[in-house]
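Hi,

Here is the structure I promised to pass on.

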Amino acid sequence: MIDYEVVIVGGGATGVGILRDLSMRGITALLLEQGDLAHGTSSRFHGLLHSGARYAVKDPISASECIEENLILKKIAAPCISNTGGWFVQTVEDDSSFVEQWIKGCAQAQIPIHEVPLSEAYEKEPLLSKEIVRVFEVPDAAVDGFKLVWANAKSAKRYGGHYKTYHQVESFQFEDRRVTGVIARNLLNGEMLTISCKIVVNAAGAWASKIAAFAGVSLEVICDKGTLLAFNQRLFQRVINRLHTPGDGDIFVPHETITILGTTSEIVDSPRENSPLKEEARKLLAIGEEVLPELEKYRVIRAFAGVRPLHREDSDVPGAAEEGREVSRTFALLDHELRDGVRGIVSIVGGKFTTYRLMAEKVTDWVSDKLGNATPCRTAEECLSEVPNTVHEKARRLLPCAAAEKMIDRLGEDADSVLAEIERNPGKGKMLCECEMVSVAEVEKIASDQDTHHLADIRRKTRLGMGTCQGAFCTYRALPLLWKDKGKYDPIEKELTLFINQRWKGIHPVLWGQQLRETELTRAIYASILQLNDNRGE
Amino acid sequence: MWDGIVIGGGLSGLIAGIRASEKGKRMLVISEGVGSLTYSSGVMDFGDVERLKEEKNHPYALMGETVVRAGMEYFQRLFPDYQGAWQNSQQVLTPLGSPREADLVPTGLNAGVLQKAKEIVLIAPEGMKDFFPEVIKAKLERVYSKAKIEIYPVAVEAFDIWRNSGKLITGMDYAKYWRSDQGAVNLKNILGKLTEEMACSSSGATSGEKQGEKSAIIFPGLAACFSNVLKGVLEEVPLPIVEMTAFPPSASGQFLYEALKQKFKALGGELLVGTGVKKVEFQGKRCHTVIVKSKGKDVTFSAQSFILATGGIFGGGIQVGPKDANESVMGLPLYVPAQWTNSEFLGEQPYAKMGVEVDPELRPLAAGNQEPLFDNVRIVGRLLAHWDPWLDHCGGGVSLASGWLAGEIL
């Protein structure tokens, strides 16, 4: 008797994509994630849905995969995507011969591009540097990693898929060089859990080597740290890429009311090395200035960093470890039976967010083949969530228009239960987070979810604390909601301090201008007015 | 020609202006904003003076204990509504209901009486923003374990129309309402009814006086400081009424700001608010003129002396870019620590000690030099270097002492 046919390790985009695909094909599956869903690389990137144009010269396979997936995701994941379009801009610094190669590469990968006259470009994007030579439009878009991951998880759940967050895999069970089960620890209460299964899918991203090692398999993942900056304004209306060999700090991606600039690229030893540094922030500003002059005058609300897991088989690309960008961004499915003689486990490594669905499809095809399941993949056709029009109408009636749409995008069909609560109790329609327009009812719902364990989990699901105030006001306002569920949270002061320290990690590298002023206000509130750094009264 | 111009109209700038005016000087205060008092809790913290006066370069060490003490006494003389005694701090409640220490406290905020209470009623003004009665109640139950804590909801008809239109009611809105004629009458009725109910329910209370010894009312969203009408209403209540400090914006801070402005004007001071300094002119070691932009055109003011009270990073006195930091008005040299931050957000943050280094008479020093850069410019308040109000809880002390000193020696 087995518990699940498949156990997936890793709750990033790839893992939840696999969970959904398996569940849609009727294969029983459980996903284990050591933190919260999307807490890793799947949310720590610039949120660019690639058109593939960035890889047109150096990596034609990635380029083709990207454009195909780009078109599919715009269809199946529309609420998670803002179809901004994108430009590639050539500055006077950039090599013209590269531009010619790039145009050819795009044509080969079937990426539609067209040149935008400079006069039109400056009209549409007035902040663009006057040093621009040529501008091309591509079908890039902005994608919200949190939303996409959660939409996949919810869809999987509807098809019977299961996931457990804050569960860390500690070892595997074997029978005759076949993996037959997974032993995991519940990090919240320390309990151990043994799950028997037929196949383990290693989709642990930057942690994939560690998971493979439990099966006695060696697998090399290069940890490529990328730091990004979040600006407080929508600096551009569309994605802006530099038209040159891909490099540091050359992509601006607008999201709602902010813009993300990234990224740096640096090989690090461990996926845990994801703290942004002041030097990296300054480097990004300096490079970004070539596209947007006087960039340093715009308010940066925070810096953040993710670790891209790049895959390299030992024989590939000599010297690749020195420069992360040289390693292929395409993915690899590693059949450990063929490769290492260990059955019952498959690893999916490399790749990028834009191709998560394709990666999931390939893995699920492989698993289906092993299990003798002939159900075809439908993830390229079936939308992640369908929110009925009646819900949209109800939301617009009960909430300010922008807040209504934002909430539906975040929650999908779950928005309905939040709206019902607001209908019962109109006071709960008030905004708890004024920066990101999150209502009291929404935070209450998320706070009471079974898989919400920390204030940071609420943040990832609702964007609470991710706006201009970076939690100074809304963290305080979320307090009574945590209070109601106090069995579930640490003492309130501890939870608050933990949350503001996490926010601080991304603020201290960009501590200047208006954000530094905001920081002083936050310190005044928490250290002086609330006296959280002083327990004399207790 | 003015005797003195103060640039910056927050706590320390206004104290300096008031002290100098009192001594017969013709004073002008030019202020770009409205200071930071509304963001503060309205109480004055002096911190551990004994320790801080020994800390190298701390403003307390520079000015000396006598000056710090003079700052405290002067403030109390100006505003008898504030209680406090040297090195004898009092308790006030944080917005979450924890008692905390403070040195100068508007009378109504003093929470000392709660220690003896057996019955505490927590007023819950209906729909008040950023106020969590359940959380506060639980906190009070832990801290005042001998007392029975009860929540008493209070609804105000005047806010019905706000509530129905979805407008949020802040503590400031409530505090201003109670100060209105209608609000004061309503407050009197509410408290009268409440004390009657409490007298009935509390067994063995034979007189109001006895009741007052064991019962107390906590009243958030009320700030009676500087209002004779409200003080009159509260005096008639047989029970002690304890106010709470507020999450920003704070009524106590706002009312103190108003009182400071009023005091300054009453002494003949001139106040220009909403006016930023565009340029400052110097001759040798003396500053003589400031040019401000007022109503769209440049206006020039000259004075014998200048006091810079523009605040620190939050107030706008210091502007920090990705590569450098500048003093906003005169371009004075700044002390900037090499390492800026520390991973514990609420721990020591070295950047917070950024500021202008001064001599014991608060004159700015030339970079890397112990000589004053100008003879007739003085620095007060948050713009001073080498102190952190949030780490050492000494914001009120440094502002009052430096403001008083600058006004005194002008």
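Before anything else, please keep in mind that this is a predicted model. I've grouped my notes by region, so you can follow along in the viewer.

**Where the chains meet**

Let's begin with the contact between the chains. Chain B puts in 32 residues and chain A puts in 35. If you want to find the chain B side, look for β5 (99-102), α5 (133-143) and α12 (389-392), the elements of chain B that each give two or more residues to the side touching chain A. By class, that side of chain B has 20 nonpolar, seven polar and five charged residues.

What do they pack against?

Next, go to helix α10 of chain B, residues 228-235, where B:Leu230, B:Val233 and B:Leu234 are buried. They span an arc of only 95° around the axis, which puts them on the same side of α10(B). There is a general rule behind this sort of pattern: an α-helix has 3.6 residues a turn, so residues three or four places apart point the same way. Turn to the other side of α10(B) and you'll find B:Asn228, B:Gly232 and B:Glu235, which are exposed. The buried residues of α10(B) pack against α7 (171-179), α8 (181-201) and β10 (241-243) of chain B.

Two of those partners also pack against each other: the axes of α7(B) and α8(B) are 5 Å apart, at an angle of about 90°. That makes α7(B) roughly perpendicular to α8(B). On the α7(B) side the contact is made by B:Tyr177, B:Trp178 and B:Arg179, and on the α8(B) side by B:Gly183, B:Ala184 and B:Leu187. Sorted by class, the contact of α7(B) with α8(B) has four nonpolar residues, one polar and one charged.

**A helix pair in chain A**

Over in chain A, look at helix α13 (residues 440-448) and helix α14 (residues 455-462): their axes come within 10 Å and cross at roughly 125°. α13(A) and α14(A) are therefore oblique to each other, and their crossing is right-handed. The contact uses A:Glu442, A:Val443, A:Ile446 and A:Ala447 from α13(A), together with A:Ile458, A:Lys461 and A:Thr462 from α14(A). The residues in this contact of α13(A) with α14(A) split into four nonpolar, one polar and two charged.

While you're in chain A, find A:Gly506, which sits in helix α16 (residues 492-507). Is this glycine buried or exposed? A:Gly506 counts as buried, because it has 23 C-beta neighbours inside 10 Å. A:Ile301 is 205 residues away from A:Gly506 along the chain, yet their C-alpha atoms are separated by 8.5 Å. Setting aside neighbours within four places in sequence, A:Gly506 is in contact with A:Pro276, A:Arg302, A:Ala303 and A:Phe304.

**Backbone details to look at**

A few spots in the loops deserve a click. There is a cis peptide bond between A:Gly262 and A:Thr263, with omega about -10°, and A:Thr263 belongs to the loop between β16 (258-262) and β17 (266-268) of chain A. Chain B has a cis peptide bond between B:Pro248 and B:Pro249, with omega about 0°; B:Pro249 is in the loop between β10 and α11 (251-266) of chain B.

Then there are some positive phi values. A:Ala38 is not a glycine, but its phi is positive, about 65°. You'll find A:Ala38 in the loop between β2 (29-32) and β3 (48-49) of chain A, and it is buried, with 26 other C-beta atoms within 10 Å. A:Glu256, also not a glycine, has a positive phi of about 45° and lies in the loop between β15 (251-255) and β16 of chain A. With 16 C-beta neighbours inside 10 Å, A:Glu256 counts as partly exposed.

Cheers

Notes: Residues are numbered from 1 along each chain as its sequence is written. Chains are lettered from A and ligands numbered from 1 in the order in which they are written. This is a predicted model: local features need pLDDT of at least 70, side-chain atom pairs count only at pLDDT 80 or more; totals for chains, interfaces and linings use all residues. A residue is buried if 20 or more other C-beta atoms lie within 10 Å of its own, exposed if 12 or fewer, and partly exposed in between; C-beta atoms are placed from the backbone. Helices (H or I, at least four residues) and strands (E, at least two) are DSSP runs, numbered from the N terminus. The arc is that of the directions from the helix axis to the C-beta atoms. Two residues are in contact if their C-beta atoms, placed from the backbone, lie within 7 Å. Axes are lines fitted to C-alpha atoms, for helices over the stretch in contact, and angles run from 0 to 180 degrees between N-to-C directions. Angles under 35 degrees count as roughly parallel, over 145 as roughly antiparallel, 65 to 115 as roughly perpendicular and the rest as oblique. A crossing is left-handed if the near helix is turned anticlockwise from the far one by less than a right angle, and right-handed if clockwise. Ala, Val, Leu, Ile, Met, Phe, Trp, Tyr, Cys and Pro count as nonpolar, Asp, Glu, Lys and Arg as charged, and the others, Gly among them, as polar.
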